[in-house]
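Please keep the sequence and the model in view while reading.

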Amino acid sequence: MNHGTRAVVAKRVDEGTADLSEITDLARAAGYDVVGELTQSRDEDAAFHFGEGKVEELATLMADVDAAAVIVDNRLGPYQTFNIGAKLPDGTEVIDRFTLILEIFGQRANTRKAQLQVELAELRYELPRAEAKASLATRDERPGFMGLGEYDQSREQDIKAQISRIKRELDSIADKEETRREERRESGFDLVALAGYTNAGKSTLMQRLAEDLEVGQNEDLHPDLETTAESEDRLFTTLGTTTRRADTGTRNVLLTDTVGFISDLPHWLVESFKSTLDSVYRADLVLLVVDASEPVDEMREKLVTCHDTLYERNEAPIVTVLNKCDKLDEGELEEKTDALSALAPNPVVVSGLTGENVAELCDRIEHELPPWERERLLLPMNDDAMSLVSWVHDHGHVESEEYEGDQVFLEFEAQPAIVEKVRSKAANLRQAETDGVVDSP
Ligand SMILES: Nc1nc2c(ncn2[C@@H]2O[C@H](COP(=O)(O)OP(=O)(O)OP(=O)(O)O)[C@@H](O)[C@H]2O)c(=O)[nH]1
Ligand SMILES: [Mg+2]
């Protein structure tokens, strides 16, 4: 952990002014104490990333504020990291945006899956660096340095072997989760996922929507159900996925909260978290949560990042949720909604914190989910029919249930697959009644 490690944050932009607010938040989330800042607006320098003079300025600043680490909000090449470090006091850590995010993920990974994903991302980060080292060392023919190339080459092989081992294990976890999703659908649940930029308020909304009731029905089907979804004002509070039952009215909704998105993540990092994001990509409906209290340009940028992340794989319909509406007035809201209408058409405006408009969000969820089928059935009145009726109550929405003589008239709505199941069970019951035999359930 970096608790209290003093750090300088730095950023280079090609033109304009560099904004350090996000990297500062990320640094704090990782436990650093941010004690200095440095920015530069110029083209990237191949050797130092910044201009060489700027790196010297950084060295002075770091000595002045007594910092032990510099956190650079850019992607640094392996040689750039090395060259910057060489100009700074001995023992100074040079950290770039991705290593910082990996550090946060590493600190928060508390499940086997999250740990594997972090390990995979770290190895993928290290691989090109090990390759670079191996090729450098092979070229180094100085006496006394012989054999170094071989060492680095075996490190490279080692990394590749570990990557395939972890990928295999993650694939098997992903298969199990896919099976669980299918089982849940077959039991009549609709799968809704919360997605959005980190700190948008996903976990807070999850707490709002989640039923206080335990799911209770089937422990095997829901081993990942949690009673809490942590929320906090820092980036990447949630890393793993949490699923809870939500009460939206008639539908049986399982709501999943997961890791937030962030901009400028390299492909290999997003890939490493693929199986976590599967709960979003494979949902029946995605709620894309946006912090509406931020400046509209920032909201737009974050929406683009979210859409980019979702774009490749997501199959489900998306409902944009403008959250934190308690922080702004009607006028501001309308302006922002208009300005973002192309990216976020017809959004739902809520406050996860105060609960304002959450009922409207529930209605919208019910409306956007794939429609249920309606069915009317006549059942004989016996124990088997009664247990079928109670099964329908658990897996769908019963509109009416009328008892007349030795018959039950049932009118209900449910997912097409559930309706199909009930229909065939009902046919069997009627058949058994006519035959005078009753099947065991
Ligand atoms: N004022 C206000 N604050 C909110 C609202 N929703 C969430 N917050 C605050 O915003 C911060 C982030 O909320 P979280 O629910 O942790 O956000 P998240 O999207 O789960 O964040 P990550 O897990 O990091 O991706 C917390 O301090 C919340 O209390 C809201 O509707 N209004
Ligand atoms: Mg969260």
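How many Å separate a polar side-chain atom of S203 from an oxygen atom of ligand 1? The distance is 2.9 Å. The model is predicted: local features need pLDDT of at least 70, side-chain atom pairs count only at pLDDT 80 or more, and totals for chains, interfaces and linings use all residues. Residues are numbered from 1 along each chain as its sequence is written, chains are lettered from A and ligands numbered from 1 in the order in which they are written, and side-chain values use heavy atoms, with hydrogens and water left out.

**Ligand 1**

- An N or O atom in the side chain of T204 lies 2.6 Å from an oxygen atom of ligand 1, and a backbone N or O atom of A200 is 3.2 Å from a ligand oxygen atom.
- The protein buries 91% of the 650 Å² that ligand 1 exposes when taken alone (Shrake-Rupley method, 1.4 Å probe).
- Around ligand 1 there are 23 residues, of which K202, T204, T237, T238 and D326 come nearest (a residue counts if one of its heavy atoms lies within 4 Å).
- Helix 7, residues 202–209, gives the largest share of this shell, three residues (helices are DSSP runs of H or I, at least four residues, numbered from the N terminus).

**Domains**

- The domain assignment, automatic or from a database, gives domain 1 (6–105), domain 2 (109–178), domain 3 (187–368) and domain 4 (373–435).
- The centres of domain 1 and domain 2, taken over C-alpha atoms, are 25 Å apart.
- Nine residues of domain 1 are in contact with eight of domain 2 (heavy atoms within 4.5 Å).

How values were computed: Polar contact = N/O pair within 3.5 Å; in protein donor to acceptor, adjacent residues only side chain to side chain. Helix = DSSP H or I, 4+ residues; strand = E, 2+ residues; numbered from the N terminus.
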